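Open the model in a viewer and keep the selection tool at hand. The stops below are meant to be taken in order.

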Amino acid sequence: MSYKIAQAPFLRRGERGALMSADVLIAFVPLCVFTSAYYGLRPVFLVLTGLTTAVLAEAFGCLLMKRRPTVSDGSAAVTGAIIGMLVSPLSPYWLPAAGAIFAIVAVKLPMGGSGRNLFNPAAAGIAAISLCFPGFFFNYPDPGLGRPLPLGEIAMSGIPSPASQLASGGQPLYSPVMLLLGDFPGPIGATAVAILLACGLYLFVRRSLSAHITLSFLASCAVIAALFPRASGASAGSVMVELCSGYLLFCGIFMLNDPVTAPRHWLGRIAYGIFAGVLVMLMRFFGRFEEGAAFAVLLVNAFSTTLDHLGWYVLNLKRIKRIRERRHSQ
Amino acid sequence: MTQKQPFSKTVSEIKNVFFDSFLGKNIVLVQAIGITPIIAAGVTLQKGVVLTLCTAAVLLPASLFMSVFGEKLPAWLRAPLYSVGAALILLGAAVLLDRAISHELYASLYVFLPLTAVNTVVSYRAGGFSVSHVPVVAITDAIASSLGFGLVICLVSALREIASFGTLWGNSMDFEIVLPEAALPYAAFLLLGFSAAFLQWVRTRLLERAAK
Amino acid sequence: MSKITKRGVSPFIKRGVLLPSMKQPAASRPIIDIAPPSRIVIPLLAGDGSECLPAIKSYDTVLKGDVLGISETGDGGRVYSPVSGVYVGTKKILHPIIGNVTCALLDCMATGGETGKFKDTASMSEQEILEMASSMGIIDELDGQPLGLKLAAWRKLRRVMLVADATEQEPYCSASRAVLKDSAVQVRDGLALAARAMGAKGFCIAVMLPQKRLSALKAKLNDGDLFSVKGRYPVELPSIDGCIVCRIGVQACLALYRAAAYGEPPCGCVVTIAGDAVANPQNVQVPYGTLVEDVLRFCGLAHEPEYVLLGDVMTGITVQDADVPTIPGITCILAFKSRVQSPLHACIGCGRCVSACHRNLLPYEIMRRLDNMQYERLSQLLPDECDGCGACSYVCPSGLEVTAKVLEARDAQGNIFMKWGDGDEL
């Protein structure tokens, strides 16, 4: 009677990669619901456009490249959903679609596909559309509109968001409660700050979010915002306004925690978060657009492997030296 | 280099070198030299053509010169010599462009016209390849490299011009969507990357078919 | 009482994994003796690994405890018969753990035997204990090494503490705690003998038990004999009370005691038989040389198993055929009807393996460099530090064989096709 051969260990925790993506998508649902309370169903359809375009692009691309379709691990869906959540509720439907196609076809698939991409595809998609179509991307509606946005063609001009007010030297006059509840113009998924924090907590409990990255990112942003305040004398302090405006918080919770592009060692993660925070604030202060977090994410992705190994190396320096000496003396 | 080889062998070598430098090992897409002018200045088709002509005007004499005299010169003297020679040629080209052809075109190229003198294309092909090959082969390589470079830069500049300004060779093409950001370097890098991948795909296909 | 110093990085980083406990129902059932199997296959290897020549003629009747083979090297290593039976002949087999080995075949008649006369062990000198451990061929079941050699090597160290490792952190095996439940005092006495023989500063039994069992065990032993261990798998015990810890198995202590007190050579050990293909999972007293298929048949197979493991789930090896004999060192035999496997993806870089690794390695990077054949940079990641605990593969959500790859990198050190250099700094 012949039995099968396998390698130890024979026990697995039984976690599936697809569940991690499913957790992130579940976290998006309350955000969409909340935004639709302000703007109607249009934001939901924008997110769905992004999601389906990304999934279709990935399936089609894998077929073209004769690779095993990797749609089932859910990463394309998450990419598309993130792009959909970061466009303005006023944006046309082709905007998230273009971003999703760029993200999958130009950044994810050629770099090796799922699990091997060097740069966060969602960040690249957002960077591309905010670079190419800033007029459509940064055009945010007034949340106090009172009626839902029309679902079809739209030709409304928006009001400046807190981030653009800060960038142009103005003073955003929002109270902390308004900031927490999302009562200010901003991207679909990035205004409801209280819900974003709750989503972050949920992801942390489900082990999809690394506290080292997010907390060090937010801490370094807060420190820079406190040291170099752009908003002064408002009822919400500079730190609060800076952290809640634009899509900085969304970036810290969802985009920086992308498992493929983020470091894995805890010290590398802390360095990554700090570096990302510095870059995001620099993009805000000196960049061309009111919010350049996507560019900062791309920049810091380039350093993620280095920071990872540097962190491990620094902590294990003594051990490495000891083993090297032992090998030399043999 | 000094030994004579049969004529037919030279002809086959010339053919190999030509197709290698032009397509198979295209200097921009495969060997990754001469990328700077494409990224920075290859925004309109006119600029692309001008840069190609300048590169050719500089590369051909330099290759010929290095092939004939290169080995006799000490190593430290070669690069300054052909760079200075190239600069002199470019001086003439610049004057021609400015006075006789188009002042705006010359002004928009600003520093990238004289930069062709010290472009990696010249230093790698003239200083690297041509030094160790027969003059005929060197000339062929210079022509093929210029053609290869020209192919890529014209393609990329044409696409970028259509995308960012909606024109081709200055004539409007009536496109609705205009992406002015395509004039930025990142678009050129993306186009180069995809073109390189496309070239590799074509090569693999041809090799597969040849292997059958 | 004592402080374990763990080598670790930070108290906020919890290394290791929490494994589910699958020890029931085997752990609560008493140890039973196996019914005498028809055939016993005993590898003719003395305690120190030297080959032995048979000391008896074919078709001789052998009693339990008689000498079967004497070591060729002549330093007194012997193989003892674990059962009473008829010696039939020898056979060469390929054992998955010890390799090619000549074995003596016995037709078994009875597994029991006479108990020797009791001798007071307090009067034995250290040298006598060491010699007895070697000559009786007692093998430590923790790592399969001969006990005599281990004790002799530890004699040379200073400030050591001898710990009988009964923590049994892997999910299925419960042999040590079953032995402790039955013969705690004898184990402790054997441990004391071993500690005396190697000149240790102290000794204790390390256990990882629920509170009820712990108190029941404490009641039988003296204060300070037991050391309760807590933590995630795998818990290491590098030092206690400032002394280096030397680990020994519980059944080896018991065998040492019985050898010293009654003159009995080790004839078998307690093995946990479990797994979802086994009908009655339990701890069984199995004589050495019993074939695995006989043991499984004794416990009953509810389903036809697909995998048969020697050892526990995290570090065990699969066997293709079940007609391999049990040897000292196997304390767990598992039979599974199928295998839980996550669907395979590429590495998504979640970093769970890094937090699971208790040796502070980067398993995903070792795997990546091995797959991409970057051998020169592989040694910088210190794959030699891996001890094969299996935690990294356990947590991988992509279902990758991380442990196997890291062990491959570790074991390839002598391979001439791999270039092992110092490499650059990063």
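Predicted model: local features only at pLDDT ≥ 70, side-chain atom pairs only at ≥ 80, totals over all residues.

**Stop 1: chains A and C.** Show these two chains together. Here 37 residues of chain A are in contact with 48 residues of chain C. On chain A, select α1 (17–39), α15 (304–315) and α16 (317–329); each of these supplies at least two residues of the side that touches chain C. Which helix gives the largest share of that side? It is α15(A), with five residues. Now colour the side of chain A that touches chain C by residue class: 18 of its residues are nonpolar, nine are polar and ten are charged.

**Stop 2: chains B and A.** Bring chain B into view. Four residues of chain B are in contact with four residues of chain A. The side of chain B that touches chain A holds three nonpolar residues and one charged residue, with no polar ones.

**Stop 3: the largest nonpolar core.** Go to chain C and select Leu162(C), Ala194(C), Cys253(C), Leu256(C) and Val271(C). Within the largest nonpolar core, which has 138 residues, these five touch the most other members. Then centre on Ala194(C). Beyond its neighbours within four places in sequence, Ala194(C) is in contact with Leu151(C), Leu162(C), Ile248(C), Cys253(C) and Leu256(C).

**Stop 4: another core.** Finish by selecting Phe28(A), Ile83(A), Val107(A) and Leu203(A). They are among the 96 residues of another core, which lies apart from the largest one.

Definitions and conventions: Residues numbered from 1 in each chain as written. Chains lettered and ligands numbered in written order. Contact = placed C-beta atoms within 7 Å. Helix = DSSP H or I, 4+ residues; strand = E, 2+ residues; numbered from the N terminus. Nonpolar A, V, L, I, M, F, W, Y, C, P; charged D, E, K, R; others polar. Core = buried A, V, L, I, M, F, W, Y, C linked by C-beta atoms within 7 Å. Buried ≥ 20, exposed ≤ 12 C-beta atoms within 10 Å, placed from the backbone.
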